[in-house]
Amino acid sequence: MRNTVIDTITKAAEKEKSIFVVTGDAGFGVLDEFQKKFPERYLNLGVAEQNMISFSAGLAMAGYNVFVYNITPFVLYRCYEQVRNDLCYQKLPVTLIGIGSGVTYAPQGHTHYSVEDVGVARTLPGLVVLSPADPLEAELCAKYAIKSKKPAFIRLAKYGEPKIHSEKVKSVESPIVVKKGSGVTVLFHGSVGIEVMQAVEGLKARPQLISVPMLTEGDFSGLKKLLKNTRTVITVEEHYVQGGLGSIMAEWIIENGVDVKLRKLGVKNEYIHKIKNNLGMREHYGISASEIRRAITSEFKIVKKP
Amino acid sequence: MDNLESEEKLISTKAREARRLMIEIANKSKSAHIGSSLSCVDMITTLYFYKLRIDPKDWKNRDIFILSKGHSAMALYANLTLRGFISKPDLFQYLQNNGKLPAHLDRFTNKAIEASVGSLGHGFNMGLGMAYVFKQKGENRNVYSVIGDGESQEGSIWEGALFAPKLGIDNFTVLLDYNNLQGYGRPTEICHYEPVRAKWEAFGWQVYEVGGHDYRQLIGALDAPSNGKPKIIIAKTIKGKGVSFMENEMKWHYFIVTDEFKKQALEELAAE
């Protein structure tokens, strides 16, 4: 997805002369083309994340539409206050492209995971949090960020994620129905979406599958209708169960008086010491295809009871 | 009277007026940071009444000033009032309920406030970004920023300091308000602060040292060549400068200008 996002930005930069790309010493093999094509609109600001964000704010204050590329801890955690004060408080067109969502980089160690980023990012009013599930969504997320000129955070895994949509996606600004169904609705965001798709393969029961690429500032107004025939909502995310989509939905369900049960699947709120690869971690935390399938099946059993 | 002398005279008059306004609003709002504001008001006044090109009719080509030590906002507000960007009634609404101006800078309150700044070690770096764009686009625009000596303990200042010379931004000038008094101590006692000049030189900056309340020296350093580098003017200042009982006293980082203090201060700052 990172290649899709960068390709989309590179392509747009031909026409949009205000696009500027900043990296904090990341992007080997990813940003090469942009750098080659637009050297005057590219800067590597090195291993200095606070300066990187404030400097990017300055670029935006002087007219640029800035895209900052790095792994998520270095666009959001190390420089949270710069993101808060300089980008969001000042409403500047700067998009943070954070790589390595969830436990993508397992077993690099907890320092390199981003399992609380949605929770952190959604505390900032006006920051558009985008978490595409596949390259089709990623392209639209990049296009949205280019056009909207709002502070944004695009949460990406790495590269080579398969498509989950069989047809063209029109918009990422509201939840997208990926598969129609009823009784149980699975809401998800990000690269873990592929696990959800695999979980329902060959399943007799027909849960509704919905991708939620825009986690904040999005349009949830159609969701109530979509959940009309739903008894249980299951959220799936490669993120802590606290603070992410599960929490967003918990708030939304209560505030909208929707009568559904909520089951949150995600990474347990803990520091991760286990040494496992990405798939191993997903299995461990119950967000692999088989674990999601088990959760869906058990909810259908409950749904069927009188 | 030579040209420079008349410039000095103007700055001196305006700085005195600014100080009086600052005392008035500090008293009315019962706010802190009058000492920090009096420390840097001379350099800010020198910028607004000598150096900055800020013509409302040519707004898109204006120079940029970012007060990175945002807690000295009173010194900026007073100058913007004297330059006609903030009305006097609005200035006197400083910190008032439903007023116009907060204690720390919010760029949406006035078009002449370039950056929202309150936390230290932000404005300086935003200024670097802006200076880079102007330089790269060949625009003849300069960026000035005032940082504090306490602020210079922020890592972000040194992150920016490390990159700026590489970016060729000789249109960027920072003034260091070196009063050697911060919130709860003296920089030179809290950390290994000196040698300041050698540090900035080692980082590749063009360094000038001046008396921070000496207008002629400030003008000289502002006009001095950058030699293709970003410039820092290390301005030795006195916290609380201009009001005898506030000078070089840490407590005036926090103390409130009571009616009695105000009376004494305004007597000292009476127009010449």
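Student: What makes a residue count as lining the second largest pocket?
Tutor: A lining residue has an atom within 4 Å of a point of the pocket. In this predicted model, Thr8(A), Lys11(A), Ala12(A), Glu16(A), Glu139(A), Lys143(A), Ile146(A), Lys147(A) and Lys149(A) line the second largest pocket, so each of them has an atom within 4 Å of one of its points.

Student: Which helices supply at least two residues of that lining?
Tutor: Helix H1 (2-15) and helix H7 (135-148) of chain A do. The largest share, four residues, is that of H7(A).

Student: How much space lies in the second largest pocket, and how much in the largest?
Tutor: The second largest pocket holds about 230 Å³. For the largest pocket the value is about 460 Å³. Among the 20 residues that line the largest pocket, Lys170(A), Pro175(A), Ile176(A), Val177(A) and Val178(A) are the closest to its centre.

Student: Which elements give two or more residues to the lining of the largest pocket?
Tutor: Strand E7 (176-179) and helix H9 (223-226) of chain A. E7(A) gives the largest share, four residues.

Student: What is the make-up of that lining by class?
Tutor: The lining of the largest pocket has eight nonpolar, six polar and six charged residues. Val counts as nonpolar, so Val177(A) falls in the nonpolar class.

Methods: Residues are numbered from 1 along each chain as its sequence is written. Chains are lettered from A and ligands numbered from 1 in the order in which they are written. This is a predicted model: local features need pLDDT of at least 70, side-chain atom pairs count only at pLDDT 80 or more; totals for chains, interfaces and linings use all residues. Side-chain values use heavy atoms; hydrogens and water are left out. On a 1 Å grid over the protein atoms alone, a cavity is a set of points where a 1.4 Å probe fits but cannot get out, and a pocket is an open set with protein on both sides within 12 Å along at least five of seven lines; lining residues have an atom within 4 Å of a point. Grid points are joined across faces, edges and corners, and a volume is the space filled by probe spheres set on the points.
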